[in-house]
Amino acid sequence: MASAPEVEFSLKGISGSAERPLAIINNTTFTTGEENEIIIKSKRFKVRCIEIDMSASSVLIEYAGSRRQLKL
């Protein structure tokens, strides 16, 4: 199975409440379970936010079939 192409995702911030946390990845805001597009250098990348861990300041995302953890 081919691995996902390397894309530079950056967790910019976490806010919201414990019941409804929000994560800013690059310049796009996500809630848990949300799928959205992130634009990097005029290219669109479909990303799903799997989990937002406010206590660990981290986010688990899924991109191109693989999962990555982003930290502040």
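This briefing walks through the strands, hairpins and core of one protein model.

The model is predicted: local features need pLDDT of at least 70, side-chain atom pairs count only at pLDDT 80 or more, and totals for chains, interfaces and linings use all residues. Residues are numbered from 1 along each chain as its sequence is written, and side-chain values use heavy atoms, with hydrogens and water left out.

**Confidence**

- The mean pLDDT of the protein is 93, and 93% of the residues score at least 70. pLDDT is the predictor's confidence in each residue, from 0 to 100.
- Among the elements, β2 has the highest mean pLDDT, 98. The lowest, 95, belongs to β4.
- Strands here are DSSP runs of E with at least two residues, numbered from the N terminus.

**The three-stranded sheet**

- Three strands form an open sheet in the order β1-β2-β3, and their pairing is antiparallel. Two strands pair if DSSP finds at least two bridges between them.
- β1 (11–16) and β3 (28–31) stand at the edges. Each has a single partner strand, so one side of each lacks a neighbour in the sheet.
- Neighbouring strands of this sheet are turned by 25 degrees against each other on average, direction ignored. The axes are lines fitted to C-alpha atoms, and angles run from 0 to 180 degrees between N-to-C directions.
- Five bridges link β1 to β2 (residues 21–25) in the antiparallel sense. Ile14 has Ala23 of β2 as its bridge partner.
- Strands of a sheet pair through backbone hydrogen bonds, either parallel or antiparallel.

- β4 and β5 run antiparallel and are joined by six bridges. Ile39 stands opposite Arg44 in β5. Two residues lie between the strands of this hairpin, and Lys41 in the turn has a positive phi of about 50 degrees.
- β5 and β6 also pair in the antiparallel sense, over six bridges. Glu51 has Leu60 of β6 as its bridge partner. This hairpin has four residues between its strands, and Ser57 in the turn has a positive phi of about 50 degrees.
- β6 pairs with β7 (residues 66–71) in the antiparallel sense over six bridges. Ser58 stands opposite Lys71 in β7. Two residues separate these strands in the hairpin, where Ala64 in the turn has a positive phi of about 50 degrees.

**The nonpolar core**

- The largest nonpolar core has 16 residues. Such a core is a set of buried Ala, Val, Leu, Ile, Met, Phe, Trp, Tyr and Cys residues joined through side-chain atoms within 4.5 Å.
- Phe9, Ile25, Ile38, Val47, Val59 and Ile61 touch the most other members.
- β2, β4 (35–40), β5 (43–53) and β6 (58–63) each give two or more residues to this core. β5 supplies the largest share, four residues.
- Contact means heavy atoms within 4.5 Å.

- Ala23 lies in strand β2. Its relative accessibility is 0%, so Ala23 counts as buried. Buried means under 20% relative accessible area, exposed over 50%, and partly exposed in between (1.4 Å probe, protein chains only).
- Beyond its neighbours within four places in sequence, Ala23 contacts Leu11, Gly13, Thr28, Thr29, Phe30, Ile52 and Val59.
- Thr31 belongs to strand β3. Thr31 counts as buried because its relative accessibility is 16%.
- With neighbours within four places set aside, Thr31 is in contact with Arg20, Pro21, Leu22, Cys49 and Ile52.
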